[in-house]
Amino acid sequence: MKLKTTIIILALSAAPAFAFDATHGAKSKTRDEVKAELSQALRSGDIMAGGEIGAKVSELNSGRYQLTTPALGKTRDQVRAELEQAVRAGDMLAAGESGSKLNELQPELYPAKVAQAGKTREQVKEVLAQAIHNGDLMAAGEDGRKLNEIFPGQYHPHHAGSTAAHSGHRNGG
C-alpha cells in the first residue's frame, strides 16, 4: 500500500512538468526552421562565443565574417578570378584550426602586401586622450565592459567637440 501511495504522489507532483500549453504549440518552429536559423547564425557568426565575455563570435573574429550581405550577381568568371587572386596572394585559410591565412604562416612564399598609411603619433595620442576622457577603455577583468559602462557617473557623454577642446588645453593650445 505504501508503494502505491508513493507512486501516486510522485506522479501528481511531476504532472505540471509535463503539462502542455496549447498556445506554445502554435508558436513553435519546425525542426527544419530551427536548423535553417542555426546554419545562418553559424555562417554569420551571430552566436555567443564560449567563455564569460558575452560577445558574439562575429564580434571577436570580425575578419572572418562579413557584416554586410554579399553582392549578388557575380558571374562565374568573376568568382574564378577572385579565387585565383586569393590563391596567388595567399589569402586562403590554412588547413587546421589556427584560423591563419597561408600568407601569414609562410610570408616568404607570397608577395608582400602594400602597407596602408596609418595614423600619426599625434593622431594616436588624440584618440587615446578621447578614450581616457570618455571612459572608452576596457576595464580590468573578464566581463569585457568599458570603464564608462561600469562607472557611468564618472565620465562625460560622447561629445566630439568637448574632447578636442579638453585635449587642446592639455597640449598647450
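**A predicted helical chain in questions and answers**

Read along the sequence, the protein chain follows the pattern α-α-α-α-α-α-α-α-α. This is a predicted model, in which local features need pLDDT of at least 70 and side-chain atom pairs count only at pLDDT 80 or more, while totals for chains, interfaces and linings use all residues. Residues are numbered from 1 along each chain as its sequence is written, and side-chain values use heavy atoms, with hydrogens and water left out.

Visitor: How many helices and strands does the protein chain have?
Guide: Helices (H or I, at least four residues) and strands (E, at least two) are DSSP runs, numbered from the N terminus. On that basis the count for the protein chain is nine helices and zero strands.

Visitor: What percentage of the residues in the protein chain is buried?
Guide: Buried means under 20% relative accessible area, exposed over 50%, and partly exposed in between, with a 1.4 Å probe and protein chains only. Of the 173 residues in the protein chain, the buried share is 13%.

Visitor: What share of the contacts with a separation of 6 or more joins residues 24 or more positions apart?
Guide: A contact means heavy atoms within 4.5 Å. Among contacts in the protein chain with a separation of 6 or more, residues 24 or more positions apart account for 16%.

Visitor: Why does the span of helix H3 agree with its number of residues?
Guide: The expected span is 1.5 Å times one less than the number of residues. Helix H3 (residues 31-44) has 14 residues and should therefore span 20 Å.

Visitor: Which residue with a positive phi follows H3?
Guide: The phi is near 75 degrees, and the residue is Gly-45.

Visitor: Which residues of H7 are buried?
Guide: Helix H7 covers residues 121-134, and its end C-alpha atoms are 20 Å apart. Just after H7, Gly-135 has a positive phi of about 75 degrees. Within H7, the buried residues are Ala-129, Ala-131, His-133 and Asn-134.

Visitor: Is Pro-152 buried or exposed?
Guide: Pro-152 lies in the loop between helix H8 (147-150) and helix H9 (160-170). Its relative accessibility is 55%, so Pro-152 counts as exposed.

Visitor: What distance separates the C-alpha atoms of Pro-152 and Gly-135?
Guide: Pro-152 and Gly-135 are 17 residues apart along the chain. Their C-alpha atoms are separated by 8.5 Å.
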